[in-house]
Amino acid sequence: MSMPFYVSPEQLMKDRADFARKGIARGRSVIAVQYADGVLFASENPSQALHKVSEIYDRIAFAAVGRYNEFENLRIAGVRLADMRGYAYDRRDVTGRGLANAYAQTLGTIFSSGGEKPYEVEIFVAEVGDAPEDDQLYRLTYDGQVADEHGYAVMGGAADTVAAHLAEHYVGGGSLEETLRLAVAALGHSESEDRVIPAGDLEVAILDRTRTQPRKFLRLRESRLAEILGGRGVEQADEAAPEDALAGSGPRQSGQDDPADPTDQVSGATPPLEDPVTGEPPVAPPPTAPPVAPPVAPPPPAPEPGQPAPGPTQPPTPGTPPPPTEPGQV
């Protein structure tokens with residue numbers, strides 16, 4: 001009888017941590033920077049369909065790096081938790097600290113359980129307050145650890161190199177334009193040379209406390225990025241990364257629907273999965289009966305042998321009664 005293979009708990013946790021760190025390092029870096037009017041998120045993301053930065057609630061934003069399917073599940077769970085808490089209690093009871101604690105419990109449970117692999121993700125949860133000192137920025141790692149960041153934070157990719165550039169040039173209380181230029185320059189910084197990232201490859205969003213709407217999340221479009229970052233020099237896109245092949249470069253405009261993608265409805269032949277207004281499945285039209293052909297008169301019977309073939313029917317002479325057709329008919 002063979003003895004079971006033994007692995008110490010310390011070695012098991014170390015192997016799981018190394019596995020998660022390698023997966024996170026394959027992605028591109030995400031930066032969160034506090035400025036005078038809120039919090040800015042910036043990342044190099046060539047995909048136009050899949051986002052790394054999203055809104056969770058009125059004043060709360062979510063950013064992640066790593067495997068898209070894993071942090072997208074976490075984002076959806078956070079949105080549902082925030083909606084349920086705000087509906088059951090009050091919208092002011094939904095806080096970034098509460099969401100960060102919920103995420104920490106989920107990631108810690110997944111990392112310590114031996115039944116599944118750890119999540120290859122790192123997360124930012126940020127909440128903007130009424131004043132700069134009330135802003136909150138939390139960083140959550142793959143094993144559920146929570147860190148309260150101040151000023152700026154970087155995760156994924158070459159995080160050490162990007163953070164070193166920010167530490168050298170960051171000044172608190174800057175404007176949106178200054179902070180955006182600093183964040184983009186830090187994303188393009190490397191030990192060998194600096195690179196000018198095209199505005200179309202950037203994903204930038206902010207939590208702006210100066211907005212009059214209750215929802216403070218705002219995504220900056222490419223036109224505004226080009227206006228703020230104009231005159232930087234020759235732009236150079238980054239080389240293709242493994243995450244680009246997984247995420248894709250955006251929806252395809254081929255003129256034909258992709259049967260493997262239920263959201264690809266370029267030609268309009270594929271019905272939508274749900275109504276865009278109500279969110280309910282579309283109501284199927286009532287079944288229609290197939291068209292019925294009009295009745296056709298049967299052909300006349302064939303004449304018996306020895307009888308002449310019936311000729312064409314002649315119209316009756318006016319004033320002559322019609323011939324009897326059945327016995328007893330006059």
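**Surface patch and sheet**

Modeller: F5, V7 and L12 make a nonpolar surface patch of about 320 Å². The model is predicted, so local features need pLDDT of at least 70 and side-chain atom pairs pLDDT 80 or more, while totals for chains, interfaces and linings use all residues. Residues are numbered from 1 along each chain as its sequence is written, and side-chain values use heavy atoms, leaving out hydrogens and water.

Colleague: What makes a patch nonpolar here?

Modeller: Its residues have over 30% relative accessible area and no salt bridge, and nonpolar side chains (Val, Leu, Ile, Met, Phe, Trp, Tyr) are joined within 5 Å. A salt bridge is a side-chain nitrogen of Lys or Arg within 4 Å of a carboxyl oxygen of Asp or Glu. Areas come from the Shrake-Rupley method with a 1.4 Å probe.

Colleague: Why does V7 count as partly exposed?

Modeller: Buried means under 20% relative accessible area and exposed over 50%, with partly exposed in between. V7 has 33% relative accessibility, and therefore counts as partly exposed. V7 is found in the segment before α1 (9–25); helices (H or I, at least four residues) and strands (E, at least two) are DSSP runs.

Colleague: How do you know that β5 and β6 pair?

Modeller: Pairing needs at least two DSSP bridges, and 5 bridges join β5 (residues 121–127) to β6 (residues 136–140), which run antiparallel. F124 has R139 in β6 as its bridge partner.

Colleague: What is the strand order of the open sheet?

Modeller: The order of its 5 strands is β3-β4-β5-β6-β7, with antiparallel pairing. β3 (53–55) and β7 (146–148) stand at the edges because each has a single partner strand.

Note on methods
Patch = residues over 30% accessible without salt bridge, like charges linked within 9 Å, V, L, I, M, F, W, Y side chains within 5 Å. Buried < 20%, exposed > 50% of the residue type's maximum accessible area, 1.4 Å probe, protein only.
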